[in-house]
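Here is a short briefing to read alongside the model.

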Amino acid sequence: MRHTKISAVLILATLAVSLSAGLSAEPSSVPADPATQEKAFAIMDQTDDALAYHGDYSATISLIIEKPGKPKENLQYKIFARTHTDKMTMVQLFPEADKGNGYLRDGDNIWAYDPISRKFTHSSLKEALGNSDIKIDDVNQEENQWRKNYEVTEYREGTLGKYPVHIITLHAVTTKPSYALVRYHIRTDIPLILKQEDFSASGRLMRTTLCPKYTKVPSGYVATQILIRDELNKGENTQEVISDLTFDKLPDTIFTKAYLEGLN
């Protein structure tokens, strides 16, 4: 879980061959047959089971943002989550000027906290973290999210770099997901997501996410390095690094507005 110092741009260039399946075909939004739906959902469920995020956990999320013609930007957040009850608290640690900004989730309710005004406002999983390509939805671990929010429109097998993969396309059936269509490339030997492509309702590729590095911990796997490429604004990339991961039971008070208010 070491913080890599390699530029996200260089990493993305290196991975362009090994973690690319060429030009993405426009995804279908027509539901697959029931047997295909169940097979694909079972694989998606396995991707959740393979991850370490079960019950309570906390972690530090470091974001490195690169945009053409602008200095590299660094953001850092502390996240606390309780997956089985859809609770999450996240507080910004860096930069100093934004320290104390926070988010609180309790089920379908999400609030953003401003420590200067000391006010909470309703927010959304679709909100971006700072100036990055990361959305709250990306760092939130919700149990049974696949069957609750999507229908399967396509399942096939293929390869991604050296890995045989399941290729699954999902169509959002609720307003929770950030994108209307999502295509996943999942290893067949271990159900880990290697690549995610996010599309608009019209089928336009909006964002590509690569997961080149997983770390095995006693409770499962953690994607400790994630690379997000903005497909609409070429050259804009965000690298996400996960560190300081713990799975100790968290106090109930962490998942309250009073907790965020008390940090400042």
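Let's begin with charge pairing: Glu154, Arg156, Arg183, Lys195 and Glu197 are joined in a network of salt bridges. Please keep in mind that this is a predicted model. In total, the structure holds 17 salt bridges.

**Salt bridges across and along the chain**

- Arginine 82 pairs with aspartate 56 in a salt bridge whose closest N and O atoms are 2.9 Å apart. This pair links distant parts of the chain, with aspartate 56 in strand E1 (residues 56-66) and arginine 82 in strand E2 (residues 73-82), 26 residues apart.
- Are the two partners buried or exposed? Arginine 82 counts as buried because its relative accessibility is 7%, and aspartate 56 counts as buried because its value is 8%; the cut-off for buried is under 20%.
- Glutamate 231 takes part in a salt bridge with arginine 229, at 2.9 Å from N to O. Glutamate 231 also forms a salt bridge with lysine 234, where the closest N and O atoms are 2.8 Å apart.
- The accessibility classes around glutamate 231 are worth a look. Glutamate 231 itself is buried, with a relative accessible area of 12%. Arginine 229 is partly exposed at 27% relative accessibility, whereas lysine 234, at 59%, counts as exposed.

**The largest pocket**

- The volume of the largest pocket is about 160 Å³.
- Which residues line the largest pocket? They are Ala128, Ser132, Asp133, Ile134, Lys135, Tyr179, Met206, Arg207, Asp230, Leu232 and Asn233.
- Sorted by class, the lining of this pocket has five nonpolar, two polar and four charged residues.

- Tyrosine 259 sits in helix H5, which covers residues 257-262.
- With a relative accessibility of 23%, tyrosine 259 counts as partly exposed, because that class lies between the buried limit of 20% and the exposed limit of 50%.
- Leaving aside residues up to four places away in sequence, what does tyrosine 259 touch? Its contacts are Phe80, Thr89, Thr253 and Ile254.
- Tyrosine 259 and leucine 104 are 155 residues apart along the chain, and their C-alpha atoms are separated by 9.7 Å.

**Backbone details in the loops**

- The peptide bond running from phenylalanine 94 to proline 95 is cis, and its omega is near 5°. Proline 95 belongs to the loop between strand E3 (87-94) and strand E4 (102-106).
- Aspartate 86 has a phi near 55°, a positive value in a residue other than glycine. Aspartate 86 is in the loop between E2 and E3, and its relative accessible area of 16% makes it buried.
- Arginine 118 also has a positive phi, near 55°, and is likewise a residue other than glycine. Where is arginine 118 found? Arginine 118 is in the loop between strand E5 (109-114) and strand E6 (119-122).
- Arginine 118 is partly exposed, with a relative accessible area of 41%.

Terms used:
Residues are numbered from 1 along each chain as its sequence is written. This is a predicted model: local features need pLDDT of at least 70, side-chain atom pairs count only at pLDDT 80 or more; totals for chains, interfaces and linings use all residues. Side-chain values use heavy atoms; hydrogens and water are left out. Helices (H or I, at least four residues) and strands (E, at least two) are DSSP runs, numbered from the N terminus. Buried means under 20% relative accessible area, exposed over 50%, partly exposed in between (1.4 Å probe, protein chains only). Contact means heavy atoms within 4.5 Å. On a 1 Å grid over the protein atoms alone, a cavity is a set of points where a 1.4 Å probe fits but cannot get out, and a pocket is an open set with protein on both sides within 12 Å along at least five of seven lines; lining residues have an atom within 4 Å of a point. Grid points are joined across faces, edges and corners, and a volume is the space filled by probe spheres set on the points. Ala, Val, Leu, Ile, Met, Phe, Trp, Tyr, Cys and Pro count as nonpolar, Asp, Glu, Lys and Arg as charged, and the others, Gly among them, as polar. A salt bridge is a side-chain nitrogen of Lys or Arg within 4 Å of a carboxyl oxygen of Asp or Glu.
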